Amino acid sequence: MPETSFLFAALLGGAVFAGCPVFAPGSAYNAPVTRAAVDSHSNEYITSAILAGNTGGFWIASPAVEYVNVARVQTPRRAVRQKAAYHRFERDYPWEPSFRIEPLNDAHAIVVDPQTCRLFETYDTTYESGTLWAYSGAVWNLRAPFQPLPPGNPSSMASGLSLFAGAVRWEEIERGTIDHALNWAPPAGSVAQWSFVSPASDTDGIAFRGESPYRLPYGAHLRLKASFDASHFGPQAKAIVRAMKTYGIYLADTGSSGNALYNTAPPDGSNPWDKRDLAALDAIRLRDFDVLQLPPLQRVPGH
């Protein structure tokens with residue numbers, strides 16, 4: 001195990017997994033934003049998304065459907081066959097037949113290699129007869145700052161952000177502290193079609209249903225207002241609220257309903273997530289957030 005990386009992250013703050021820092025402390029996912037400036041058009045962006053259909057609360061799956069596979073020294077490396085000609089996989093991925101893929105339509109796969117502290121993610125993943133296939137994906141060095149992908153490239157998420165880095169893991173809930181920003185998926189059509197800001201690199205290209213020129217771009221960083229009262233929430237929902245206030249949420253993808261957050265299942269296959277506790281998140285509305293100052297807007301190449 002990379003003990004030096006673990007101690008470095010523990011001393012400076014930031015999430016740690018399998019002895020690896022989850023990106024360098026102080027970078028995109030790990031930097032506290034309690035004092036970050038609010039965008040001058042925050043209210044317009046929020047109102048625009050609400051009028052375009054974002055009227056529901058927040059939610060997170062119980063049981064979780066995302067899995068983090070941990071590679072061993074003996075884990076074989078496999079070439080990833082591309083399902084789309086324009087998404088190439090330049091690096092072999094560690095993969096074992098026992099590794100788990102999200103069972104829903106997105107078929108996300110996440111692998112962390114503790115030996116190299118590399119993170120491997122794929123979308124629309126299949127493994128059949130010894131062959132690994134995926135539509136898109138990305139590889140990151142967890143010891144380094146989060147590195148945005150080249151414009152026009154998704155990861156396991158439409159935005160090109162890291163599903164793993166922005167997911168709530170059970171061990172974080174268990175200790176009551178989430179040391180990173182969260183990924184967020186608002187309803188499809190309530191955000192920009194082709195616009196993104198760093199650290200995002202792409203969008204899902206779904207048409208905006210509203211009329212306002214203020215359309216939240218992928219990669220937008222929002223912060224739950226400090227005044228939001230979660231005193232009556234249970235411990236699991238409270239930990240998520242604290243992360244929303246301290247590290248914020250990134251617009252990472254879109255979904256079919258509500259405002260989805262992401263979480264991962266414990267490695268032992270149990271379901272310790274408390275559905276009644278987590279249901280409190282439905283009280284949180286988009287109006288309870290501020291949009292932090294946006295970096296320069298970018299457009300997906302060719303659009």
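# Briefing: cores, sheets and a disulfide

Of the 44 residues in the largest nonpolar core, those touching the most other members are Leu216, Leu222, Ile240, Met244, Leu281 and Ile284. The model is a predicted one. Two or more residues of this core come from each of H2, helix H3 (170-175), strand E14 (182-185), E16, helix H4 (235-246), strand E17 (249-251) and E20. The greatest contribution is that of H4, with 6 residues. Another core, of 29 residues, lies apart from it and includes Ala15, Leu149, Phe164 and Ala185. In soluble globular proteins, nonpolar side chains tend to be buried together.

- Beyond its neighbours within four places in sequence, Leu222 is in contact with Ile46, Trp184, Leu216, Gly248, Ile249, Leu286, Phe289, Asp290, Val291 and Leu292.
- E16 pairs with E17 in the antiparallel sense over 2 bridges, and His221 stands opposite Tyr250 in E17.
- E16 also pairs with E20 in the antiparallel sense, over 3 bridges; here Leu224 stands opposite Phe289 in E20.

**Helix H2**

- Helix H2 (residues 42-51) has Ser42, Tyr45, Ile46, Ser48 and Ala49 as its buried residues.
- These residues lie on the same side of H2, because they cover an arc of only 160 degrees around the axis.

**The open sheet**

- An open sheet with mixed pairing is formed by 4 strands in the order E4-E8-E9-E12.
- Its edge strands, strand E4 (68-70) and E12, each pair on one side only.
- From one strand to the next, the twist averages 20 degrees.
- Within the sheet, E8 and E9 pair in the antiparallel sense over 5 bridges, and Ala109 stands opposite Thr122 in E9.

**The disulfide**

- The model has 1 disulfide, which joins Cys20 to Cys117 with an S to S distance of 2.1 Å.
- The pair ties together parts that are 97 residues apart in sequence, because Cys20 lies in strand E2 (residues 20-21) and Cys117 in the loop between strand E8 (109-113) and strand E9 (118-123).
- The link of Cys20 and Cys117 is left-handed, with -90 degrees about the S-S bond.
- Cys20 is buried, at a relative accessible area of 0%, and Cys117 is also buried, at 0% relative accessibility.
- A disulfide is a covalent bond between the sulfur atoms of two cysteines.

**Ser162, a buried loop residue**

- Ser162 is found in the loop between strand E12 (136-141) and strand E13 (168-169).
- Ser162 counts as buried because its relative accessibility is 0%, against a cut-off of under 20%.
- Leaving aside neighbours within four places in sequence, the contacts of Ser162 are Phe23, Tyr29, Leu119, Glu121, Trp140, Phe146, Met157 and Asn183.

Technical notes:
Residues numbered from 1 in each chain as written. Predicted model: local features only at pLDDT ≥ 70, side-chain atom pairs only at ≥ 80, totals over all residues. Heavy atoms only, no water. Buried < 20%, exposed > 50% of the residue type's maximum accessible area, 1.4 Å probe, protein only. Arc of directions from axis to C-beta. Contact = heavy atoms within 4.5 Å. Disulfide = S-S within 2.5 Å. Pairing = 2+ DSSP bridges. Axes fitted to C-alpha atoms, helices over the stretch in contact; angles between N-to-C directions. Core = buried A, V, L, I, M, F, W, Y, C linked by side-chain atoms within 4.5 Å.
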